[in-house]
Structures are given as C-alpha cells and as structure tokens.
Amino acid sequence: MKITIIAAGLASIVISFYSCVPASKLTEEQNKRKDCEARLAATKAADDACETARTELQVKVGLLQNEVTALQQDTTSFGFRYRETIAQYGDLHGLNKELQATYDKLRAGNEADIKNISNELQQTQSQLLEKEDQLNSEKMHLDSLRTQLQQREAKVNELESILKSKDSAVNNLKKRISDALLGFAGKGISVYEKDGKVYVSMQEALLFPSGSTKVQPEGIEALHTLAQALESDPGINVLVEGHTDNVPMHGLGDIKDNWDLSVMRATSIVKILLQDAKINPERLMASGVSEYDPVDIANTAEAKQKNRRTDIILTPKLNELFKILNAQ
C-alpha cells in the first residue's frame, strides 16, 4: 500500500509540473518516473525478502535447537542402557566361569548332575551370545545418535554465528551513525535499533517548516553528514519514510492532504542524500505513511509533535543468510 501511495504522490507532482512543458519533455520525464517506480518496487520487494529470510532463519535455529535437545536426551538414555548391558554381560561371564569350574569338578561324578550343569552352561552361553548381539546393536545406535547430535550442533553453531555476525554489523552501524550525528545531539535526532534495522528518526522541527516540503539549512547539514557516513557502506539499503500528525491538510498547492505531505517530504530528503554523496540511487527508497504509524497515540500537542517526523531506516543486506537458507 505504501508503494501505491508513493506512486500516487509522485504522479500528482509530475502532472502538475509537466502541464507547462513540451510534449517530448513530458514523455521523457514520464519514462524516468516509470523507471523510478519500477526500482522502488524492486527495492521494496528485496527488503521484504531480506526480512522474511531473517525470520525463517530464526525459526530454523529454534527447530534445530529442539532437535539437539531431543538427541541429547536420546544419547543419555542409550548410554545408560549401553552401560547396563555391559554390566549384565559381565555378570553372565562370571556365572559362566563358575559353571564351567563346577562342571569340570563334577565330570567324574553323577551323570545327571553333569547333564543339568551342561544344559545350564549351554543356556548361559546362548544368553551371552544374545547379550553380545544386543550390546553391538545398541553401541551402533548410540554411535549413530552421537553423529547426528554432532551434525545438528554444528549446524546450530553455524547459524547462530551468522546471526551474531549480523547483529554485530547492526550494532556497529548504529554506533557509526550515532557518532557521525553526535554534533546534532538535542536537536531532534534519535538513532536506535529495531528488528535488525537501524532507525535514524528526525523531528519535523529540524527538517521542515510547518506544512512545507522544503528542508531547512540545519536539516540539510544533518542529512549531508548522514549521507557521508552511508556512502562508504554499499551493503546498506535506505528507506526514507515520512510521517505526519493527524491534523488534516486542506490543500496548499500540490499538497492536498497528509499523504501528499509525507511522500513529498520523503522524496525531498532522498534527493538531498544523493546531492553530494556517492550513494547508488538503487539503494534508496522514498515512502510516506501519512498519520497512520504514530509513535504516540495520545491526542495531545506533545504527541503530535513526536509523530511529525521522518524515519530513515537502514537495513543491512542479508546475502549470507540467503546462501544458508538456499543450502538447506
């Protein structure tokens, strides 16, 4: 829905602007707009795919950890049975020796006793063979369980290592952005991490006059500083998301409502980020959500001030996670 609103906002701007230019220029600009819309949709799809991959990987880690726990329990159970079988084997082996000694002692004695002892001896030897087979079978099963356990633990460790690496990358990105914007502390900028992404939230007072889409000089300076911090890291996708309060707009030129205002402000910020920094435009996307994603739902002046903001959302690319998922 956000992409539809973005396209609608862009369309209104293009129609208003190009009503005064030649037909050939209008066609050229319309083609550029279509190209931008296509890249916008592709970037949004890639971002959604990255988020889905991250969620799937976390679910897979949980499933593998459950399998590891079950295998650990099975290994403990079969280990106990294996040791118990060894003890039984030892007891039978001792009994066999005793019977063999008695048999040898009584060989010259009563034939009936010798026959009974011989039968007992054969039964004991048969039981010994059965226990040996059982012992070998359980040992093989125990070895198989241990192998499976080692494989599952290795896979869990691999996945957890990648997740930790991604979390570390997000934390490092947050610190780098916070350090770069330190000079604007207390001026309406906050940097925080949420759902594996880094949010740079800028209040309206820093960026725009009320109801305007033109960025103020201090806001431009802050955006240039942010752009310089981003240009050295091509592995970061950037979503600029405009937000308004719930006070209705009543048509000021091209700005007809809060949807127009949020989209046009996001577009203005994208253009400033691209002015002096070497950032691939394909990494950026402009979006507006009007009043429908407030940080404070209270109907007070303070809450409305918090809601009038622009969030610049930085998402690390998840190429390594895609490789692991595709290999499963």
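Modeller: Gladly. Start with the helices. Is the crossing of α2 and α3 left-handed or right-handed?

Biologist: You tell me.

Modeller: The crossing of α2 and α3 is left-handed. One caution before we go on: this is a predicted model. The mean pLDDT of the protein is 83, and 89% of its residues reach 70 or more. Over residues 1–11, the pLDDT is below 50. In the model, that stretch has 21 contacts beyond near neighbours in sequence. Where pLDDT is low, the predicted coordinates should not be read in detail.

Biologist: Why are α2 and α3 called roughly antiparallel?

Modeller: Look at the angle. The axes of α2 (residues 23–106) and α3 cross at roughly 160°. Angles over 145 degrees count as roughly antiparallel. Therefore α2 and α3 are roughly antiparallel to each other. Their axes come within 6 Å.

Biologist: What makes up the contact of α2 with α3, by residue class?

Modeller: The contact divides into 24 nonpolar, 18 polar and 16 charged residues.

Biologist: Which residues of α5 and α6 meet?

Modeller: From α5 come Ile-220, Leu-223, His-224, Leu-226 and Ala-227. From α6 come Ile-269, Ile-272, Leu-273 and Gln-275. By class, this contact has seven nonpolar, two polar and no charged residues.

Biologist: Which residues make the contact of α3 with α5?

Modeller: α3 gives Arg-176, Ile-177 and Ala-180, while α5 gives Thr-225, Leu-226, Ala-229 and Leu-230. Five of these residues are nonpolar, one is polar and one is charged. The axes of α3 and α5 come within 9 Å and cross at roughly 145°. α3 passes α5 in a right-handed crossing.

Biologist: Now the sheet. In what order do the strands lie?

Modeller: Five strands form an open sheet in the order β1-β2-β5-β3-β4, with mixed pairing.

Biologist: What makes β1 and β4 edge strands?

Modeller: Count partners. β1 (189–194) and β4 (284–288) each have a single partner strand, so one side of each is left without a neighbour in the sheet. The twist averages 20° from one strand to the next.

Biologist: How do you know that β1 and β2 pair?

Modeller: Two strands pair if there are at least two bridges between them. Six bridges join β1 to β2 (residues 197–203). Six meets the cut-off, so β1 and β2 pair. They run antiparallel. Ile-189 stands opposite Met-202 in β2, and Ser-190 has Ser-201 as its bridge partner there.

Biologist: Last one. Which strands do α3 and α5 lie across?

Modeller: α3 (residues 111–180) lies across β1, β2, β3 (236–242) and β5 (309–316). α5 lies across β1, β2, β3 and β5. α3 runs at about 180° to β1, and α5 runs at about 165° to β2.

Conventions:
Residues are numbered from 1 along each chain as its sequence is written. This is a predicted model: local features need pLDDT of at least 70, side-chain atom pairs count only at pLDDT 80 or more; totals for chains, interfaces and linings use all residues. Side-chain values use heavy atoms; hydrogens and water are left out. pLDDT is the predictor's confidence in each residue, from 0 to 100. Contact means heavy atoms within 4.5 Å. Helices (H or I, at least four residues) and strands (E, at least two) are DSSP runs, numbered from the N terminus. Axes are lines fitted to C-alpha atoms, for helices over the stretch in contact, and angles run from 0 to 180 degrees between N-to-C directions. Ala, Val, Leu, Ile, Met, Phe, Trp, Tyr, Cys and Pro count as nonpolar, Asp, Glu, Lys and Arg as charged, and the others, Gly among them, as polar. A crossing is left-handed if the near helix is turned anticlockwise from the far one by less than a right angle, and right-handed if clockwise. Angles under 35 degrees count as roughly parallel, over 145 as roughly antiparallel, 65 to 115 as roughly perpendicular and the rest as oblique.
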